[in-house]
Amino acid sequence: MKASCFYISGMTEDERGGIFRCQWSGGAPRILSFTPLCRNTFLAWGKDGRTLYATARDRGCGAVAAFRVAADGGLTRLNILPAGGDSPCYLTVSADGERLYSANYASGSFSEFLLSPDGGLRKLNRVVAHHGRGIREEQRSPHPHCCVFTPDGGYLCVVDLGIDRMMLYEYDKLRGISPASACAVMLQAGSGPRHLCFDASGRNAYLLDELDCRLRHFRYADGVFTPGGLLRTVKPETPGGGAAAALRFSRNGQYLFTSTRGDDSIAVFSVDASGAPRREKTFPSCGASPRDFNFLPDCGILAVANEFAGETAFFACDQNTGTILELRSKLALPRPLYVLV
């Protein structure tokens with residue numbers, strides 16, 4: 001059961017880092033509990049809403065942990081397994097709730113886990129490696145940064161920053177993904193794609209390029225991505241260009257928000273009836289390196305994880321107009337990387 005709380009990943013190499021269970025109360029955030037977890041960088045819900053998955057490092061290796069979520073949002077560890085790759089950075093669960101996938105950034109691979117009926121990790125079933133490199137220094141090898149299912153559930157999309165491709169793998173409930181079915185959506189050389197999301201209709205996809213700070217729009221249908229518009233997340237004159245990090249829709253689905261590190265900003269895009277985005281506004285993140293952000297439920301608050309500031313900033317946000325109104329509070333945490341609601 002998802003309680004009225006939210007979770008923030010605080011990434012360190014020791015017991016100071018882990019999962020912070022928080023609540024917005026009385027106009028300010030407060031920490032309800034803390035679960036130590038080495039090198040926790042990402043969090044994901046299970047399909048039952050009673051299981052939470054987290055990236056980690058265990059015994060010197062990349063790992064994935066599963067937790068049972070109590071009615072009050074408290075966490076109890078079910079188990080932890082090696083990820084089969086280094087630096088797991090993104091997790092997603094299949095629509096049928098049978099499998100979990102991990103994008104392993106440093107090792108250029110992604111992993112498939114079978115899940116137990118209680119939501120625990122039953123076993124690491126397979127590891128699929130990518131091959132190649134890009135044209136930039138950051139692209140000397142493959143770097144899967146995101147794994148997301150298409151809304152129809154038929155494909156797993158693995159976004160690879162290192163090779164400028166989005167790889168699609170057919171998914172079958174009985175067999176899982178099919179490595180032999182792999183096909184690639186080729187992207188501009190040096191763009192460094194990072195994260196992918198779909199709108200509520202399932203007919204529009206949005207891909208965020210980290211290295212060139214661009215938002216790409218695609219029409220999606222039956223495993224085919226048809227390119228649409230391409231927009232910058234920062235102004236052309238931005239020094240150093242920045243590094244795009246996260247993208248999410250507002251809770252009402254009317255606006256798409258992105259964050260860019262270096263520029264330390266949040267950009268807001270309106271989305272028309274056809275799904276095409278248009279950049280409207282840019283706001284400061286009020287901290288260094290906005291790695292992630294999320295909209296807290298039922299309180300009109302946007303939480304921004306400013307990684308190198310060592311704090312999460314909380315803004316009043318009008319999602320009907322896509323406007324960040326004011327900074328309400330900050331919460332000091334060790335290297336906050338991800339916000340899960």
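Q: Leaving aside neighbours within four places in sequence, which residues is Ser 289 in contact with?
A: The model is a predicted one, in which local features need pLDDT of at least 70, side-chain atom pairs count only at pLDDT 80 or more, and totals for chains, interfaces and linings use all residues. Residues are numbered from 1 along each chain as its sequence is written, and side-chain values use heavy atoms, with hydrogens and water left out. Taking contact as heavy atoms within 4.5 Å, and setting aside neighbours within four places in sequence, the partners of Ser 289 are Arg 261, Asp 264, Ala 305, Asn 306, Glu 307 and Phe 308.

Q: Is Asn 40 buried or exposed?
A: Buried means under 20% relative accessible area and exposed over 50%, with partly exposed in between (1.4 Å probe, protein chains only). Because its relative accessibility is 0%, Asn 40 counts as buried.

Q: Which side chain does the side chain of Asn 40 join in a polar contact of 2.8 Å?
A: A polar contact is a pair of N or O atoms within 3.5 Å, where within protein one must be able to donate a hydrogen and the other to accept it, and residues adjacent in sequence count only if both atoms are side-chain atoms. The side chain of Asn 40 also reaches the backbone oxygen of Thr 55 at 3.0 Å, while the side-chain partner at 2.8 Å is Ser 9.

Q: What distance separates the C-alpha atoms of Leu 114 and Leu 100?
A: Leu 114 is buried, because its relative accessible area is 10%. Leu 114 and Leu 100 are 14 residues apart along the chain, and their C-alpha atoms are separated by 6.6 Å.
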